[in-house]
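These are my notes from a first look through one model. I went from strands to helices, and then to single residues.

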Amino acid sequence: MPPFATLWPELRARLVAAERWLLPGECLLCRSPVGATPVDPLICALCRARWAPLPHPLCLRCGQPLTPGIPCRLCLSWPSGFTGVRSAVWLEGGARHAVHLLKYEGWWRVAEPMAGAMRRHVEPDAATVLVPVPLSTARLRSRGYNQSAALAESLGRLLGVPVAHDVLRRGRDTATQTALTPEERRANLVGAFEATGPAPLRPMLVDDVFTTGATLAESAAALTGAGAESVGAITFARAPRPLAAAAAALLSPQESTPGGRA
């Protein structure tokens with residue numbers, strides 16, 4: 001019998017065809033028809049166009065929007081080998097809804113249009129390997145799949161870049177990050193990730209949302225400790241940071257700029 005890996009593309013195509021036959025071809029966000037296409041996109045072009053990109057200037061390292069004249073402090077404590085993060089859009093409106101569909105409602109194929117938004121922010125080279133941020137065993141069991149892995153697979157297909165699912169694992173379960181402060185997030189994740197062997201030379205972490213960067217920084221530390229030369233990261237969305245925006249407005253009243261989970 002052929003191995004599952006060789007059967008998966010055909011099985012996946014059949015599942016998608018069955019889904020399209022069973023469900024109406026409408027956008028999951030606005031419920032408008034998406035038109036007759038070989039594979040329904042699930043999120044229409046208009047809704048994708050409404051996803052708000054991050055405004056420039058950005059911190060060259062962590063990708064956080066900057067207020068001119070105010071240095072970025074978000075990435076000061078990151079490990080030295082963690083070289084750069086980019087996020088495609090703000091976590092608001094339809095983008096927030098798309099993340100919720102992917103993460104909590106089982107719509108794993110929403111990863112495809114989300115990866116399309118991420119694609120333009122990645123410049124891979126011959127050594128680039130995508131590494132999804134792993135879930136805990138308990139969370140993976142309850143959710144049924146890793147949303148970061150779904151994004152990495154979709155992005156890898158678009159870029160022609162390999163995806164490594166087995167180089168990083170979550171060594172221990174951690175409390176949910178949702179209600180934690182940035183300091184609590186960092187403490188909660190210390191030592192939470194482990195490399196399972198030698199790391200790729202230039203891995204690129206993939207996650208759904210960037211909030212404080214704590215998850216990505218801990219993951220990067222594990223990979224650099226396992227031999228990675230440098231670690232980058234890409235997320236679909238970035239959570240706005242209203243306190244940072246308020247502080248920037250207070251420090252520089254003549255300047256204004258929009259406010260930035262992982």
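In what order do the four strands of the open sheet stand, and is the pairing parallel or antiparallel? I found the order β1-β6-β5-β2, with parallel pairing; strands here (E, at least two residues) and helices (H or I, at least four) are DSSP runs numbered from the N terminus, and two strands pair if DSSP finds at least two bridges between them. β1 and β2 (128-132) are at the edges with a single partner strand each, so one side of each has no neighbour in the sheet. Neighbouring strands are turned by 25 degrees against each other on average, direction ignored; axes are lines fitted to C-alpha atoms, for helices over the stretch in contact, and angles run from 0 to 180 degrees between N-to-C directions.

Before going on I noted the ground rules: this is a predicted model, in which local features need pLDDT of at least 70 and side-chain atom pairs count only at pLDDT 80 or more, while totals for chains, interfaces and linings use all residues. Residues are numbered from 1 along each chain as its sequence is written, and side-chain values use heavy atoms, with hydrogens and water left out.

**Edge strands**

I looked up the pairing of β1 and found seven bridges to strand β6 (residues 231-238), the two running parallel; W90 has R238 as its bridge partner in β6. Seven of the nine residues of β1 (residues 82-90) are buried, so this strand is largely enclosed by the rest of the structure; buried means under 20% relative accessible area, exposed over 50%, and partly exposed in between, with a 1.4 Å probe and protein chains only.

**Helices**

Helix α8 (residues 214-225) lies across β1, β5 and β6 and runs at about 165 degrees to β5.

In helix α4 (residues 111-119), I listed A111, P113, M114, A115, A117 and M118 as the buried residues. They pack against α2 (45-49), β1, α3, α6 (147-159), β5 and β6, where contact means heavy atoms within 4.5 Å.

How far apart are the end C-alpha atoms of α6? They are 18 Å apart, which agrees with the 18 Å that its 13 residues should span at 1.5 Å a residue; the expected span is 1.5 Å times one less than the number of residues. Among the buried residues of α6 are Q147, L151 and L155, and its buried residues pack against α3, α4, β2, α5 (137-143), β5 and β6. At the start of α6, a side-chain oxygen of N146 comes to within 2.9 Å of the backbone nitrogen of S148, and just after the helix G160 takes a positive phi of about 70 degrees.

**Two single residues**

Leaving aside neighbours within four places in sequence, R157 is in contact with R12 and E112. Its side chain also makes a polar contact of 3.3 Å with that of S154; such a contact is a pair of N or O atoms within 3.5 Å, where within protein one must be able to donate a hydrogen and the other to accept it, and residues adjacent in sequence count only if both atoms are side-chain atoms.

P55 sits in the loop between α2 and β1, and at 22% relative accessibility P55 counts as partly exposed. P55 and W90 are 35 residues apart in sequence and 9.6 Å apart in space, C-alpha to C-alpha.

**Confidence**

Last, I looked up pLDDT, the predictor's confidence in each residue, from 0 to 100. The mean for the protein is 82, and 76% of its residues reach 70 or more. Confidence is highest in β6, at 98, and lowest in helix α9 (residues 242-251), at a mean of 43. Over residues 243-261 pLDDT stays under 50. Where pLDDT is low, the predicted coordinates should not be read in detail.
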